[in-house]
Amino acid sequence: MRQLTALDAQFLSVESATTATHVAGVAILDPSTSPSGALTREALLALLRERLHLAPPLRMRLADVPFGLDRPYWLDDPDVDLDAHVHETTLPAPGGERELAAYVAGVHARRLDRARPLWEAHLVHGLEGGRCALYIKVHHCAIDGVSGSEILTALLDPSPQPRRVEAPPAPPAPASPQVPGLLAMLAGAITRSIVQPVEALCSLARTAADLDAIPVVAALPDARLVAQAARALAGDARPLPETPPLIAPRTPFNGPISGEREVALGSVPLAEVRRVARAFGMGPNDVVMTLCASALRRWLLAHDALPDRPLVAAVPVALRSRPSAGAGGPSPDAADGRVGNRISAMITPLATDVASPGERLAAVRSALAAAKRRFAVSHRTWLDDVCAMVPSAFAALATPVVFRLAGVAGAGVNLIVSNVPGPRLPLYLCGARMLAYHPLSVVTDATGGISITCASYDGRLDFGVVACPSRLPDVRSMIGYLREAMDELLALLDDSPDDPAPHGDAPLAPPREEHEPRQRRAPAISSATASGSM
């Protein structure tokens with residue numbers, strides 16, 4: 001048993017009537033490869049019973065401190081009622097991606113029941129071509145991107161024949177009750193209230209050293225000078241790398257959100273992303289961020305809402321070791337039973353104000369490189385430090401209000417963009433081959449009414465876009481714009497008289513003004529969208 005960190009508890013505090021803070025994924029599956037030729041709820045339940053010990057976040061539940069005076073505790077619940085967590089449905093005809101997204105959007109909009117372990121799984125039948133889907137959501141207070149991948153790794157196999165998993169050792173007889181008593185909880189809350197001002201001052205000192213790299217406060221006058229002075233007082237005389245301005249412009253994406261959600265799913269070939277990356281001497285993540293920037297620019301142009309400053313994105317960064325590329329076992333971080341978040345975030349502009357595709361690609365690469373240089377000398381716990389400065393009892397009441405006011409007054413960032421590296425080889429669930437995996441994230445008043453998440457898997461880059469329809473009513477168009485953005489980058493290669501050098505800082509192809517894209521290719525998994533409400 002352990003207590004939630006300040007950051008983990010903040011993911012609980014953010015939730016409101018219009019905000020749910022779980023993360024999820026949609027796996028598209030081909031059950032014809034399974035021994036029985038089908039994927040049933042009973043088979044999924046049997047798999048979960050066998051491997052639940054490999055996925056600690058799925059067997060943990062919350063124990064709240066009375067009156068919300070302190071952060072909750074995690075309790076291990078070995079007798080999880082899996083029947084209450086695993087659901088099954090069949091899509092209406094014709095069972096296309098539109099119908100799948102309709103179901104997923106409705107489920108993704110609903111908050112999780114805090115009286116049980118904070119996750120749900122939905123087995124969805126009736127997709128075209130005999131396919132099915134598995135949607136799993138887990139509360140963000142329990143997992144980050146890496147630990148979420150570990151859960152998926154625990155359930156998947158490298159072949160249609162499920163691997164053998166050793167049974168967990170028999171738990172020792174409890175020497176004392178696991179749940180802390182009322183007096184113990186209150187005593188802990190009183191102790192924390194005494195030391196909290198000191199912890200807050202320490203967090204404030206660390207946060208001041210990165211003042212120029214934190215959303216909202218980075219726009220304050222002389223933020224960079226304050227950060228440099230704070231570092232000097234702490235004995236860190238290293239010069240701070242230059243960073244671009246991090247002032248997020250106002251866009252239709254930003255403002256108070258509703259409780260409804262829309263979801264769009266789509267893919268591009270990973271080979272195309274790597275081809276562009278090799279040609280221009282950059283990493284695949286630079287190309288992914290450029291695709292997102294170009295798609296957002298196209299949407300804003302189509303709605304006559306393109307600001308003259310670049311959009312600003314928050315990019316989550318994992319601070320724990322990643323799981324292995326194949327299925328087999330959890331990473332050391334998962335094996336010790338820890339749950340929660342070990343993440344930070346880089347803040348970077350997206351060059352949506354640059355008209356030329358070639359220049360936009362160069363600008364995104366340059367901005368990401370600057371953000372990485374700045375992040376390398378940052379206190380990577382700044383997210384935890386900001387959360388730790390707020391007393392627990394106050395955070396639960398004030399956070400939804402603060403986020404709502406942030407949406408009304410102006411955004412610190414325009415959206416969240418996340419790229420999760422995944423396995424290169426095909427994986428199987430109960431013998432059913434996973435064809436695609438689309439991650440889905442969170443939207444809030446303060447971070448924008450759209451989030452774009454992607455994961456690489458088996459030669460594809462699978463996108464999951466979540467949006468509030470009151471801020472972005474046609475999220476399906478984003479998948480089309482991502483495909484057009486990929487075609488646009490490939491056109492830069494086609495128009496180059498010679499192949500650019502495959503390594504090093506190769507010069508970009510001569511810039512071209514935006515043009516009507518070539519005939520759009522159908523994504524490997526067709527675009528899909530639908531809305532749901534809490």
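Reader: Before we start, what should I know about the model and its numbering?
Author: This is a predicted model, where local features need pLDDT of at least 70 and side-chain atom pairs count only at pLDDT 80 or more, while totals for chains, interfaces and linings use all residues. Side-chain values use heavy atoms, leaving out hydrogens and water, and residues are numbered along each chain as its sequence is written, from 1.

Reader: How are α8 and α9 oriented to each other?
Author: Helices (H or I, at least four residues) are DSSP runs numbered from the N terminus, as are strands (E, at least two). The axes of α8 (residues 270–279) and α9 (residues 284–302) come within 8 Å and cross at roughly 110°. Angles of 65 to 115 degrees count as roughly perpendicular, so α8 and α9 are roughly perpendicular.

Reader: Which kind of residue makes the contact of α8 with α9: nonpolar, polar or charged?
Author: Val273, Val276 and Ala277 of α8 meet Pro284, Val287, Val288 and Leu291 of α9, where contact means heavy atoms within 4.5 Å. Ala, Val, Leu, Ile, Met, Phe, Trp, Tyr, Cys and Pro count as nonpolar, Asp, Glu, Lys and Arg as charged, and the others, Gly among them, as polar. The contact has no polar and no charged residues, and seven nonpolar.

Reader: How many salt bridges does the structure hold?
Author: A salt bridge is a side-chain nitrogen of Lys or Arg within 4 Å of a carboxyl oxygen of Asp or Glu. One of them joins Asp212 and Arg374 (2.4 Å, N to O). For the structure, the number is 24.

Reader: How many residues apart in sequence are the parts that Asp212 and Arg374 tie together?
Author: Buried means under 20% relative accessible area, exposed over 50%, and partly exposed in between (1.4 Å probe, protein chains only). Asp212 is buried at 7%, and Arg374 is buried at 2%. Asp212 lies in the loop between α6 (182–208) and α7 (223–233) and Arg374 in helix α11 (residues 357–376), so the parts tied together are 162 residues apart.

Reader: Is Arg404 buried or partly exposed?
Author: Arg404 forms a salt bridge with Asp445, with 2.9 Å between the closest N and O atoms. Asp445 is buried at 3%. With a relative accessible area of 33%, Arg404 is partly exposed.

Methods
Axes are lines fitted to C-alpha atoms, for helices over the stretch in contact, and angles run from 0 to 180 degrees between N-to-C directions. Angles under 35 degrees count as roughly parallel, over 145 as roughly antiparallel, 65 to 115 as roughly perpendicular and the rest as oblique.
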